[in-house]
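Let's take a walk through a protein chain together, one piece at a time. Keep the viewer open beside you and look up each part as we come to it.

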Amino acid sequence: MSGLLVGEVVRSAAGAAPHRPAVVLGGRTLTFAALDAAADRAAGLLAAHGVRRGDRVVWPLAGAPVETLLVYAGAARAGAVLVPLARDAWSARVVRAAAPRLVLTDAERAAEGARLARAARVRHAALAEDVVRIEDIEDAVRADGDGPAPPGPSPQEPEDPEQPGERDPHLVLFAGPGRPRGVVLSHRASVLRAHCGGRPEPPGALVCGFPAGHWGVWTAVLRQWQARGTVVLPEAPGPAAICAAVREHRATRLVCPPEVWWQVLDTAPHHLATLRRADTETAAGATPARLIEAIRTATPAARVHAFLSTPEAGDIAAIGHADARARPGSCGVPVPGVAARVAHGELWVRGPLLFDGYLKDKKATDAVLRDGWFRTGRAARLDGDGHLHLTER
């Protein structure tokens, strides 16, 4: 991999395991080689519409999740900054705040995307239908194992000024209610957040139980691709679809926010027997110990962890099943590479996973990022064993 670049994660996986499925949605499967090729075509489409390194591209999230992931990879490959917008954030006001070069939609939502772009006074384009080609999908059916790696670029090639650098922004996440405020993530921060060494992955498939538009999706997907594993996207939202996906694909890993885990456990916990890792993530505070206990009961062969994570900081702290039972109310200890301290009763976080600031809002950025520390605004305390407790929401 030539640097900590999101696009290179896909290229590296395509070189090492070209015929392995990268993403599965119902009857659609894309191998890593097919995803890599589709990412190149998506990057070419963006370039043809005048998108250059550092330009922002808005992608409204609704349906077509396979296309969402290839646009994510393609924008990173092109050096563009992807701005994915959840359905409830589709507004001209948010698009104007993003100040994109382009609003990109799939063909099915071209008319709606064009109206949104006109209202925000920016350009619109529809994703070409041949970006994901039928032969790419059929490749996964024909493949009978991982083949030889395709040749990659020579390390002696001169650096292209149009190609992204690892400290370039690649993703802007609009999260939280109220005034639009975009969290800017660099390639470096995103790849490090997803690094397999920080959260080792078992072999097999990951079922992503985050709802569409949740900021945790991007790290979960990129983490699985770094491990050269398969991402399974449930065909429909909801706990029944999640349970069915785990059972059908014999998934070894499931990640959901706590509220979705409760629904999954109430739906079909007997479908979770293949799991070897069961994670929950939330920015709200400590995951209830009884939920962690319930996940452990339903997945006796899995390692169960709860993570305190935010769009600005990534993973902050983690707690396992045994500690959660012994220390109710604890968010766990800081994850490797992350420093946490409590100053004047407020949680401060420092480390390589931090965001680069808020989009076009220097005042807000300067208020929370000082001397390398992110001031979270959350009241907290650290106990004598280094466990973090948030004392108010």
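Let us begin with a residue on the way out of a helix. Arg228 is partly exposed, with a relative accessible area of 32%; here buried means under 20% relative accessible area, exposed over 50%, and partly exposed in between, using a 1.4 Å probe and protein chains only. This arginine belongs to the loop between helix H8 (216-226) and strand S10 (230-232). Helices (H or I, at least four residues) and strands (E, at least two) are DSSP runs, numbered from the N terminus. Arg228 is not a glycine, yet its phi is positive, at about 60°.

Before going on, a word about what you are looking at: this is a predicted model, in which local features need pLDDT of at least 70 and side-chain atom pairs count only at pLDDT 80 or more, while totals for chains, interfaces and linings use all residues. Residues are numbered from 1 along each chain as its sequence is written, and side-chain values use heavy atoms, with hydrogens and water left out. The score pLDDT is the predictor's confidence in each residue, from 0 to 100. Its mean over the chain is 87, and 88% of the residues reach 70 or more. Be careful with residues 137-159, where pLDDT stays under 50.

Now step back into H8. Ten of its eleven residues are buried, so this helix is mostly covered. Among the buried ones are Trp218, Leu222 and Trp225. These three also touch Tyr72, as do Val6, Leu82, His170 and Leu171, not counting residues up to four places away in sequence; a contact means heavy atoms within 4.5 Å.

Which residues have the most contacts inside the largest nonpolar core? They are Leu46, Leu70, Tyr72, Leu104, Leu127, Trp225 and Leu388, in a core of 79 residues. By nonpolar core we mean a set of buried Ala, Val, Leu, Ile, Met, Phe, Trp, Tyr and Cys residues joined through side-chain atoms within 4.5 Å. There is also a second, separate core of 28 residues, which includes Val264, Leu265, Ala278 and Ala324.

Next, find strand S7, residues 169-174. Five of its six residues are buried, so the rest of the structure largely encloses this strand. S7 runs antiparallel to strand S8 (residues 182-186), and five bridges join them; two strands pair if DSSP finds at least two bridges between them. One example is Pro169, whose bridge partner in S8 is Ser186.

Helix H11 (residues 289-298) shows two faces. Leu291, Ile292, Ile295 and Ala298 are buried. They cover an arc of only 125° around the axis, so they sit on the same side of H11; the arc is that of the directions from the helix axis to the C-beta atoms. Why can this happen? An α-helix has 3.6 residues a turn, so residues three or four places apart point the same way. The face turned away from the buried side of H11 carries the exposed residues Arg290 and Thr297. On the buried side, the packing partners include helix H10 (258-267), strand S12 (277-282) and helix H12 (321-326).

Finally, look at the cysteines. The structure holds zero disulfides, a disulfide being a pair of cysteine sulfur atoms within 2.5 Å. For Cys243, the nearest cysteine sulfur is that of Cys256, 8.5 Å away. Cys243 counts as buried because its relative accessibility is 1%.
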